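Subject: Structure handover and findings

Hello,

Here is the structure you asked about. Please open it beside this email, and then read the notes below.

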Amino acid sequence: MTQEHIPPQRSLITPRAEAPREIIPFDRDGATGEVLGPDLVRALILYGQRYGLDPYAGELIYYRGLPYVTERGAVHNAVRSQRYRGHAVSIVPPEERKAMGLQDGDIAYRCEVWVKDVAEPIVEFGEVTAAELEQTKTQVASAVARDRDFRETTPAQQERETLRRLQFLPLMKSPGKMARARAIRRAHLLAFPLKGETSSPPQ
């Protein structure tokens, strides 16, 4: 990997080192933990085949009911291009977070993706806010209440199941890692959109 566009003080992170170790099960929604039906699982596999992404490798999941290319998938997609020259990630300092409209306790990362023959890096940000964490708790609780296995259970049982599902969601387990992953994902999909797509998937 060359560093022709990388300032000397920047350390390049290779795709192999950057790939997240944890693979999110793609038979559940990554936002709510809801179990997906076999038809949705098959549809996700077919969607992945269209773009050369493998749900079994953690490159593609469902997120809030829609196909979602993960950090791992976005980096894999970029690495296939001969124009890819690596990326660098840094946490956004407090003064910049404030300028972005974020509040105390919110987390933000910046990712730069370097592309051959492009003088400046492609830059994107990833953030996780306290408001999003609260919203996720509410959504998971609603999903539990809709679940046929818990509709007739007591509020205490539903609350226990909500807490159980929350502990498995990457967003809730490690908000900082999620913000970082979002920055990497967004920057790579901006620099190297999925073939045939005019814009990157949400989030």
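First, a definition: buried means under 20% relative accessible area, exposed means over 50%, and partly exposed is in between, with a 1.4 Å probe and protein chains only.

The model is predicted, so local features need pLDDT of at least 70 and side-chain atom pairs count only at pLDDT 80 or more, while totals for chains, interfaces and linings use all residues. Residues are numbered from 1 along each chain as its sequence is written, and side-chain values use heavy atoms, with hydrogens and water left out.

Overall layout

The protein has eight helices and five strands. Helices (H or I, at least four residues) and strands (E, at least two) are DSSP runs, numbered from the N terminus. From that end, the order of elements is α-α-β-β-α-β-α-β-β-α-α-α-α. The protein has 203 residues, and 41% of them count as buried. Contact here means heavy atoms within 4.5 Å. Take the contacts between residues at least 6 apart in sequence: 62% of them join residues at least 24 apart.

The cores

A nonpolar core is a set of buried Ala, Val, Leu, Ile, Met, Phe, Trp, Tyr and Cys residues joined through side-chain atoms within 4.5 Å. The largest one holds 35 residues. V69, C111, V113, F192 and L194 have the most contacts inside it. Which elements supply at least two residues each to this core? They are α2 (38-51), β1 (60-63), β2 (66-69), α3, β3 (84-91), β4 (107-115) and α8. Helix α8 gives the most, with seven residues. There is also a second, separate core of five residues, and V140, V144, F150 and L166 are among them. As background, nonpolar side chains tend to be buried together in soluble globular proteins.

C111 deserves a look. Leaving out residues up to four places away in sequence, C111 touches H87, A88, V89, I122, V123, E124, A183, I184, A187 and H188.

Two helix pairs

Two packed helices are described by the angle between their axes and the distance between the axes. Axes are lines fitted to C-alpha atoms, for helices over the stretch in contact, and angles run from 0 to 180 degrees between N-to-C directions. Angles under 35 degrees count as roughly parallel, over 145 as roughly antiparallel, 65 to 115 as roughly perpendicular and the rest as oblique. A crossing is left-handed if the near helix is turned anticlockwise from the far one by less than a right angle, and right-handed if clockwise.

Start with α3 (residues 71-79) and α8 (residues 175-191). Their axes come within 8 Å and cross at roughly 30 degrees. The two helices are therefore roughly parallel to each other. The crossing of α3 past α8 is left-handed. On the α3 side, E71, A74, V75 and A78 make the contact; on the α8 side, A181, I184, R185, H188 and L189 do. By class, that gives six nonpolar, one polar and two charged residues. For the classes, Ala, Val, Leu, Ile, Met, Phe, Trp, Tyr, Cys and Pro are nonpolar, Asp, Glu, Lys and Arg are charged, and the others, Gly among them, are polar.

Next come α5 (residues 130-146) and α6 (residues 155-166). They pack at about 125 degrees, with axes 9 Å apart. This pair is therefore oblique, and its crossing is right-handed. T136, K137, V140, A141, A143, V144 and A145 of α5 meet Q158, E161, T162, R165 and L166 of α6. This contact has six nonpolar, three polar and three charged residues.

Single residues to check

- R64 sits in the loop between β1 and β2. R64 is not a glycine, yet its phi is positive, about 55 degrees. At 30% relative accessibility, R64 is partly exposed.
- D117 sits in the loop between β4 and β5 (122-128). D117 also is not a glycine and has a positive phi, about 70 degrees. At 63% relative accessibility, D117 is exposed.
- E112 lies in β4. Buried or exposed? E112 is buried, at 5% relative accessible area. E112 and V89 are 23 residues apart in sequence, but 6.5 Å apart from C-alpha to C-alpha.
- F125 lies in β5 and is partly exposed, at 23% relative accessible area. Setting aside neighbours within four places in sequence, F125 contacts V92, M100, Y109, R110, R182, A183 and R186.

Best wishes
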